[in-house]
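I opened my notebook to look up a few packing details in this model. Here is what I wrote down as I went.

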Amino acid sequence: MELILAESASAILRWLHVIAGIAWIGSSFYFIHLDLSLRSRPGLPAGVKGDEWQVHGGGFYHMMKYVVAPAQMPDSLTWFKWEAYTTWLSGFALLVLVYYLGADLFLIDKSVLDLTAAQAAAIAFVSLVVAWLAYEALCRSPLGRHEVALALVGYVFLVALTYGFTHVFSGRGAFTQIGALVGTIMVANVFVIIIPYQKKSVVAMLAGKSPDPRWGALGKQRSVHNNYLTLPVVFLMLSNHYPLFFATRFNWLIVAIVLAIGPVIRHFFNSRHEGKGSPWWTWGVAAAGMAAVAWLSAAGPRSDSGVGALPPVPKFADVSNIVMSRCAMCHAAEPVWAGIAAPPKGIMLDTDEHIRLHAPLIAVAAVGSDAMPPGNITEMTRDERLVLASWLAAGAPAQ
């Protein structure tokens, strides 16, 4: 019953997380698009930066943005915040349920660093808080007034954290941790900066005062940061399904490339919306970046560094013994590993027939990466991986 409840909670939280994320990203993209599309023209009300006509769903919309605030407070306001809060709350709940409580499988790799589940969870949580405080300090420092310099320092900061995480956690855990960290920074921008300053503007207007223009400028700065971080964080959240990204030798470098090409893609759309033309070169950079990611993903697992010639082609019985002892406790009709209710992705490796059938999966998960077993929890050795590699290179012979 406990396992059924955990699986149900995980499914519901994932569903909520995806729905809330769609709502948050959609509204973020829309308002950045709207803000960049505004055009100033004669006849606009006092204090209006610009307006934009839009058509959608069979109707026309006339959108205007006040630089600070309208002269009179409207009767009602729509606040865009719960999408962000719900995304983070559901995501953090998933992080606790899957990665903190299941740290032995998904967060820890003892060949990287021998941690207990409590130690790994504590390091992961504290790093979220410390990294956000560091980001906040950078934004509030004199560097925060120079957007390009701040972006470059922020990029190096995130890449350095990723490199560090890959030397503390499993590959899957490192990718999820840096994704959770970026997501935490993004929602903190909404919770700590954007919404509070918007509320200050409302309070000032109700008191008959003019809001400080700096409040809006600070909110806009953090909104732009969120806009450029969105594509990388979506990639990182999806990457735990792709071992050739997270469990390969240069996994941290793959993240570094994604952190660069995500903002490059957003630059194309932001430039286009602002009427500054379409910088098509960005797609060339993005394509080159993804080609580099594909190339790096084929570099082999982290534990495979310095591998020489493969051993002679083994007998199938030797291959079967390795898979049965290292993989079948999870990949079986009735898994015996605690917390696993069904074979992951429906893949079973508990018979010779199943092993032969799923040879391509073994090639990717156990030989091409360190994804299997998760966190190398069954301690598959380098020599055992070489035996599998030799068998697969020979065409996975049946005998």
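Entry one, the hairpin. I started at the turn between strand 1 and strand 2, where two residues lie between the strands and Gly57 takes a positive phi near 60 degrees. I kept in mind that this is a predicted model. Next I checked the pairing: strand 1 (residues 48-56) and strand 2 (residues 59-66) run antiparallel, with eight bridges.

Entry two, helix 2 and helix 6. I looked up how helix 2 (residues 82-100) and helix 6 (residues 171-206) meet: their axes come within 10 Å and cross at roughly 150 degrees. Angles over 145 degrees count as roughly antiparallel, so that is how I logged helix 2 and helix 6. The crossing of the two is left-handed. On the helix 2 side I listed contact residues including Trp88, Leu95 and Tyr99, and on the helix 6 side Ala180, Val187 and Phe191 are among them. Sorted by class, this contact of helix 2 with helix 6 has 11 nonpolar, five polar and one charged residues.

How far apart are the axes of helix 11 and helix 14? I found 10 Å, with an angle of about 130 degrees between helix 11 (residues 316-326) and helix 14 (residues 382-393). The pair is therefore oblique, and its crossing is left-handed. Helix 11 brings Phe316, Val319, Ile322, Val323 and Arg326 to the contact, while helix 14 brings Glu384, Val387, Leu388 and Trp391. By class I logged seven nonpolar, no polar and two charged residues for helix 11 with helix 14.

How values were computed
Residues are numbered from 1 along each chain as its sequence is written. This is a predicted model: local features need pLDDT of at least 70, side-chain atom pairs count only at pLDDT 80 or more; totals for chains, interfaces and linings use all residues. Side-chain values use heavy atoms; hydrogens and water are left out. Axes are lines fitted to C-alpha atoms, for helices over the stretch in contact, and angles run from 0 to 180 degrees between N-to-C directions. Helices (H or I, at least four residues) and strands (E, at least two) are DSSP runs, numbered from the N terminus. Angles under 35 degrees count as roughly parallel, over 145 as roughly antiparallel, 65 to 115 as roughly perpendicular and the rest as oblique. A crossing is left-handed if the near helix is turned anticlockwise from the far one by less than a right angle, and right-handed if clockwise. Contact means heavy atoms within 4.5 Å. Ala, Val, Leu, Ile, Met, Phe, Trp, Tyr, Cys and Pro count as nonpolar, Asp, Glu, Lys and Arg as charged, and the others, Gly among them, as polar. Two strands pair if DSSP finds at least two bridges between them.
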